[in-house]
Amino acid sequence: MGRITLNKVTKSFGETQVIPPLDLTIEDGEFTVFVGPSGCGKSTLLRLIAGLEDITTGHIDIDGMDATAVPPAKRGLAMVFQSYALYPHMSVRKNIAFPLRMAKMDQVEIDRRVDNAASVLNLADYIDRRPGQLSGGQRQRVAIGRAIVREPAAFLFDEPLSNLDAALRVGMRLEISELHKRLETTMIYVTHDQVEAMTMADKIVVLRAGHIEQVGSPLELYKAPRNLFVAGFIGSPKMNFVEGAEAAKYDAHTVGVRPEHIAISGTEGAWKGRVGVSEHLGSDTFFHVHDTGLAETLTVRADGEVSFKHGDTVYLTPREDVVHRFDAQGLRIG
Amino acid sequence: MATQSSRSAARLMMAPAVILLLGWMLAPLITTLYFSFRRYLPLRGGDQGWVGFENYTRFIGSSAFWPSVQTTLIIVGGVLVITVLLGIVLALLLDQPMWGQGIVRILVIAPFFVMPTVSALVWKNMFMDPVNGLFAHLWKFFGATPVEWLSQASLQSIVMIVSWQWLPFATLILLTAVQSLDGEQLEAAEMDGAPFIKRFWYIVLPHLGRAITIVILIQTIFLLSIFAEIFVTTGGAFGTRTLTYLIFQRVLESQNIGLGSAGGVYAIILANIVAIFLMRIVGKNLDN
Ligand SMILES: Nc1ncnc2c1ncn2[C@@H]1O[C@H](COP(=O)(O)OP(=O)(O)OP(=O)(O)O)[C@@H](O)[C@H]1O
Ligand SMILES: [Mg+2]
């Protein structure tokens, strides 16, 4: 239940091709995250899977059956929209019950499922309110409730947390992960927040301009990015890239070193530079180091205790075993 | 507008407008009330002093009174039903992406710019004329006897003409409401398994509730006083005499200003009853 396969799927809006031919398999029960910069086609891809957009060529299989021409309601998928898309004139109970009523389920079963969803999502206290009388987080939960009562083959989320404040976002992130562990249903989750991607995903799909740049587990993407784009996109702060003579020492066109893999010292090291802005987060400190002659800025993560002043001269040493090497085309070497 | 001083300043600045509006409304109202208690026959002795409630009892006692109230309500009700239903259909159609959308929308709105007198004349002479009208030709083409619209189906004809005039208004208001509906709600309903009819019933219609209320209230205000359409087409004959028309006849044809004024007061009462009634039924949509 819930294995989705995309076969040479393309999508064009008029003349412009938004999704070039794309193959992807999402296994049953997997939490898959689509990430990529704005406008890369994440929402479009999700809407193609949902059936809200017609695919231009190719086909989509759900559980081994060709779903290309199946209307959205019949695909057995549930979607949670970025704007929540709750029905404003219905109470929370009616909102959650709506898909069941449309399926002509009997009232006893509807009540059982709605009450169950409401208790799972802590909505019992608001069940008779209208969406307009709820906070953002509560609305989000109603939208999720409306999705889970249908017991769908897969859940589709389109940036569901982007309208919430930072604290609530962390909370809802955990709740959705928890829900996934409990239901073990396939989930496809679109976001451009790479922290969400790293923390929630079983599998991350990195997209750029409709192309899949890499598919893999969060750690695979972190440890072995296939190209410069993925290397720069996954990880926060961004990986540092060094070109030229220093890269040639590693037999590469470009080398990438993550900020957490560079040691900083006031006395000795491989690269000499001058401290610019330092960001103290308490647990960690990020130093932006200039004038190294390698790149405009190198970002370095150090322990929260370490402290250098603006303008101090420092020495940086990359950890040799985790230096990423890329060729002239930007592809990973080794 | 929260502080004490800003509130009183606001009151001061609004005062001229409020006073002007009050005067504007009160002056005719008071004159009407004044004349309604007097015997005033301009061509037969002029103002002949107070008569108490005589005008009121005579107006309501006339055999033409209750039929005219009924006619008024039928016309208002008929036009409301037609314009709201067709307005919703047209609004949904016009919301679809199509070729030449701009032009079609202007065409749909056009009837609203035609003066009532003109449109009634056009309908009467070009469409409904039993000899030369387009409908007559159409009927003859199919071998039927042409209908004498304005005498045989007079009330229906007037409802049709007035609906034609007001449909653009209803369509326009409803179209803006349709356009303001969040597309994701419809998509969510589609994924929830609601076919088109149910999406319309559960999502679109509740969303339109407020706009429909506004259309009904505004149209009622104007429809209660339609006059030109009746004057030009049937002249109040064949059961098309509305309350407004009856008042017109009392004042101008019978030259009885006192009686007409009493009718005017009844018209105000009728309008208020209708308004309260409508507010009760549909006004609750405005609350949420
Ligand atoms: N209905 C449409 N007609 C034409 N072009 C569209 C349409 N919908 C999306 N596009 C284009 O397709 C591309 C992908 O859009 P999409 O909404 O999938 O991006 P996204 O990855 O979800 O971005 P974001 O992170 O900003 O939501 C964009 O360049 C967009 O302009
Ligand atoms: Mg998007």
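Is Phe238(B) buried or exposed, and at what relative accessibility? At 51% relative accessibility, Phe238(B) counts as exposed; exposed means over 50% relative accessible area, buried under 20% and partly exposed in between, with a 1.4 Å probe and protein chains only. The legends below describe close-up views of a predicted model, in which local features need pLDDT of at least 70, side-chain atom pairs count only at pLDDT 80 or more, and totals for chains, interfaces and linings use all residues. Residues are numbered from 1 along each chain as its sequence is written, chains are lettered from A and ligands numbered from 1 in the order in which they are written, and side-chain values use heavy atoms, with hydrogens and water left out.

Figure 1. Most residues other than glycine have a negative phi, and most peptide bonds are trans. Phe238(B) has a positive phi, near 55°, and sits in the loop between helix H11 (228-233) and helix H12 (243-253) of chain B. Helices (H or I, at least four residues) and strands (E, at least two) are DSSP runs, numbered from the N terminus. In chain A, Lys8(A) also has a positive phi, near 45°. Lys8(A) belongs to strand S1 (residues 4-13) of chain A and counts as exposed, at 54% relative accessibility. The peptide bond from Ser236(A) to Pro237(A) is cis, with omega near -5°. Pro237(A) is placed in the loop between helix H8 (228-233) and strand S11 (240-243) of chain A.

Figure 2. A pair of aromatic rings is described by the distance of the centres and the angle of the planes. Over all chains, a search of the whole structure finds 36 aromatic pairs. Rings of Phe, Tyr and Trp (its six-membered ring) pair if their centres lie within 6.5 Å; planes under 30 degrees apart count as stacked, over 60 as edge-to-face and the rest as tilted. Phe31(A) and Tyr189(A) make a tilted pair, 5.7 Å centre to centre with 40° between the planes. This pair links distant parts of the chain, 158 residues apart: Phe31(A) is in strand S3 (residues 31-35) and Tyr189(A) in strand S8 (residues 186-190) of chain A. Both Phe31(A) and Tyr189(A) are buried. In chain B, Phe65(B) and Tyr266(B) form a tilted pair, at 5.5 Å centre to centre and 55° between the planes. Phe65(B) lies in helix H3 (residues 65-95) and Tyr266(B) in helix H13 (residues 257-282) of chain B, so the pair ties together parts that are 201 residues apart in sequence. Phe65(B) counts as buried at 5% relative accessibility, and Tyr266(B) counts as buried at 17%. Phe65(B) and Tyr266(B) belong to one aromatic cluster, whose members include Phe37(B), Phe53(B) and Trp66(B).

**Figure 3. Arginine over aromatic rings.** Arg258(A) lies over the face of Tyr222(A), 4.3 Å from the ring centre. A charge sits over a ring if NZ of Lys or CZ of Arg is within 6 Å of the ring centre and within 35 degrees of the ring normal. In chain B, Arg38(B) lies over the face of Trp50(B), at 4.7 Å from the ring centre.

**Figure 4. The interface of chain B and chain A.** In this view, 16 residues of chain B are in contact (heavy atoms within 4.5 Å) with 24 residues of chain A. The two chains bury about 1800 Å² between them, 58% of it on carbon and sulfur atoms; buried area is the accessible area (1.4 Å probe) that two parts lose on being put together, summed over both. Met191(B), Asp192(B) and Tyr202(B) supply 40% of the area that chain B buries against chain A, more than any other three residues. There are three salt bridges between chain B and chain A, a salt bridge being a side-chain nitrogen of Lys or Arg within 4 Å of a carboxyl oxygen of Asp or Glu. The side chains of Asp192(B) and Arg146(A) meet in a salt bridge, at 3.7 Å from N to O.

**Figure 5. The surroundings of Thr292(A).** Thr292(A) is found in the loop between strand S15 (284-290) and strand S16 (298-303) of chain A. At 13% relative accessibility, Thr292(A) counts as buried. Leaving aside neighbours within four places in sequence, Thr292(A) is in contact with Lys272(A), Gly273(A), Leu298(A) and Leu316(A).
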